[in-house]
Amino acid sequence: MASDGSRSGTAGDFAQVEAFAGLGEAALGALRAAARIEAVRGGELLVRHGETADTLYIVATGRFHVMLPDGRVVAEIEPGEPVGELAFFAGGTRTADVRASRDSTVFALTRTAYDAVSAEHREIADTILAEIARRLARSTAGSAAMPARPGRVVALLPAGGSAIPEGLADRLAEHLSRHDDIRLVRAADRPDGLDPASEAFGDWIAGVEASAARVLLVAEGEEAWDRAIARNADDLLLLAPLAGTDTSLSALEDYALPRFFEQDRTLLLWRERAGEAIAGTARWLDPRPVKLHHHVALDEEAGIARLARFMAGRANGIVLAGGGALGCAHLGVMQALIENSIPIDFYGGTSAGAAMAGALAQGLTPDEVVVQMEEMFIARRAMKRVTLPVHSFLDARVFDEELRRRYPAGDIADLPTGFFAVSTNLSTNAVHVHRRGPLWEAVRASGSLPTILPPFVTEEGEVLVDGGVLDNVPVEIMRAAKTGPNVVVALRADAGAAWRIEARYGDVRSPGRLARDLILRRRPERAFPSLVEIMSRSMVVASESAVRAALDSADALLVPPIPETMQLLDWHRGREVAEAARRFTAGEIARRSDLAAMKAA
């Protein structure tokens, strides 16, 4: 962190800081004399958690992020705002790390300097304390993590020993321009004589940012330029050839990666043709932790358009709730979205919703998924094979065999479209989000209805059951993954509502009567709840508050019509419920602006 007490211009002029704009010239002069100007490179820490708070900082140029010890990024600090003011005035220690997200400058007032200047000019203290009062609501203690949002300035850097394909940055900028005003900036665009290593470079980037809604800074193999754009970007987009052999971190990546939080890093893996198989994604992901990765084929525009939607904060997600055979409604919803040109960029779901989402994320059409479900559950009777009730009531071997056959054993990361599944981890008593590993295992774990199917046990010995136990509508998980609207599909409008039946406790059948009724296929006049119904309802109760919160905050909630008599294992009614959901969703798209707004630009 460099210091330059004599620096002039915007960074050194308190009058340019909004919080001090109302001060008189005498007070401004006293501040200039008392404060020193410090330059902070992008990625460097201005303050560290636990340090003595003996200096008050005020941001002059650039941008900073506040990060708690548990890794949560809870605030962004922009020009004119103080840094570390609460601990400074309380005489304590720093409660968080504050890191520059790009090359920045700050005014630094030591305690001695502040005491002296505020004693002479009381209005300075009043101004600073007023700014602190405006920010008290954003104090870091107990703060929630900042919601996902795309950065305005993005650095495009090659990963490994690769180079950015010719024309790819221009094509990406073209797609982004359909959402925002875009500036594509290369080394040749910088002013003559501007040294990328100078503090003036950050000021120039700030000026470029002010001229457009979004800025793409493109690496070109010039070390000083490439490092400078890495220091002055909000987000990092790494680009690499999927089939490339050199997946080790380059010197540029070693420099750039520590300057970005994981949530601000994205990996684009390109291949020459859409017909090329996607495999080996893990080779690129393992050395470089990123929040999201995307697969793009250079011979088509769809993948680039999808990436542009993510970067613009306009990516469409779909969240599919659990519900057994009722989940066939998800396929009708998807068919209607396709017919109305609403692209889905990220799939997520629980239980049956995870199964449908995983199949769709592979690239299967809704009709192909219906056929797949019919073959699994009707032809192969995958959920109708009982066993001795020690680990479960159903024998899962045929079910597992079908899942292995219909969902590839490769990494979820190799799917052409983003996907996650949710299960409940009984070993940690928490939601388990599946983003890596074999797809069939994620689907199997997410749909492990307790007592009905055996739990799924991981290689680490963790016990996973149906995700519906804790989160049957994982909207918040989708929101944490990306910015942009989400279609949320619930499977019954009365989920979580009061459940009352006509049967009474005396209607419980004896073993003999149960056997006779099963043999003669007789249904009692007042049916007592079945084991599947009881378990399904128990999960609704367990996750009721999460379900209600998810549905209340859904971006675009759809509750397709499902016959009241349809049960979780009624797979023979799948086509019926899918077609009803398709017609329902088409009507909703025609009348609702939130759904219509999701159509491809």
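Modeller: Start with F64, which stands opposite I77 in β6. This is a predicted model, and the positions described here are computed from it. The two strands concerned are β5, residues 64-67, and β6; they pair in the antiparallel sense over four bridges. Together β5 and β6 form a hairpin, with five residues between them. In the turn, G71 has a positive phi of about 95°. Strand β6 covers residues 73-77 and is mostly covered, since five of its five residues are buried.

On to the other partner of β5. Strand β8, residues 97-100, runs antiparallel to β5, and four bridges join the two. Here H65 stands opposite R99 in β8.

These strands belong to an open sheet of four strands, in the order β3-β8-β5-β6, with antiparallel pairing. The edges are taken by β3 (45-47) and β6; each has a single partner strand, so one side of each is left without a neighbour in the sheet. On average, neighbouring strands of this sheet are turned by 30° against each other, direction ignored.

Next, the aromatic rings. A pair of aromatic rings is described by the distance of the centres and the angle of the planes. The count of aromatic pairs comes to nine. One of them is formed by F88 and Y114, which are edge-to-face at 5.8 Å centre to centre, with 90° between the planes. This pair links distant parts of the chain: F88 is in helix α2 (residues 85-90) and Y114 in helix α3 (residues 111-120), 26 residues apart. F88 counts as buried because its relative accessibility is 1%. Y114, at 7% relative accessibility, also counts as buried.

W440 and F456 form an aromatic pair as well, edge-to-face at 6.0 Å centre to centre and with 90° between the planes. This pair, too, links distant parts of the chain, with W440 in helix α15 (residues 439-446) and F456 in strand β20 (residues 456-457), 16 residues apart. Both W440 and F456 are buried. Elsewhere, F201, W204 and W225 form one aromatic cluster.

Leaving aside neighbours within four places in sequence, the residues in contact with S423 include A430, V431, H432, A445, L464 and D466, besides H434.

Last, the confidence of the prediction. The chain has a mean pLDDT of 87, and 89% of its residues reach 70 or more. Over residues 3-12, pLDDT stays under 50, and the model has 18 contacts beyond four places in sequence for them. Over residues 137-143, pLDDT also stays under 50, with 10 contacts beyond four places in sequence. Where pLDDT is low, the predicted coordinates should not be read in detail.

Note on methods
Residues numbered from 1 in each chain as written. Predicted model: local features only at pLDDT ≥ 70, side-chain atom pairs only at ≥ 80, totals over all residues. Heavy atoms only, no water. Buried < 20%, exposed > 50% of the residue type's maximum accessible area, 1.4 Å probe, protein only. Pairing = 2+ DSSP bridges. Contact = heavy atoms within 4.5 Å. pLDDT = per-residue confidence, 0-100. Axes fitted to C-alpha atoms, helices over the stretch in contact; angles between N-to-C directions. Phe/Tyr/Trp six-rings, centres within 6.5 Å; stacked < 30°, edge-to-face > 60°.
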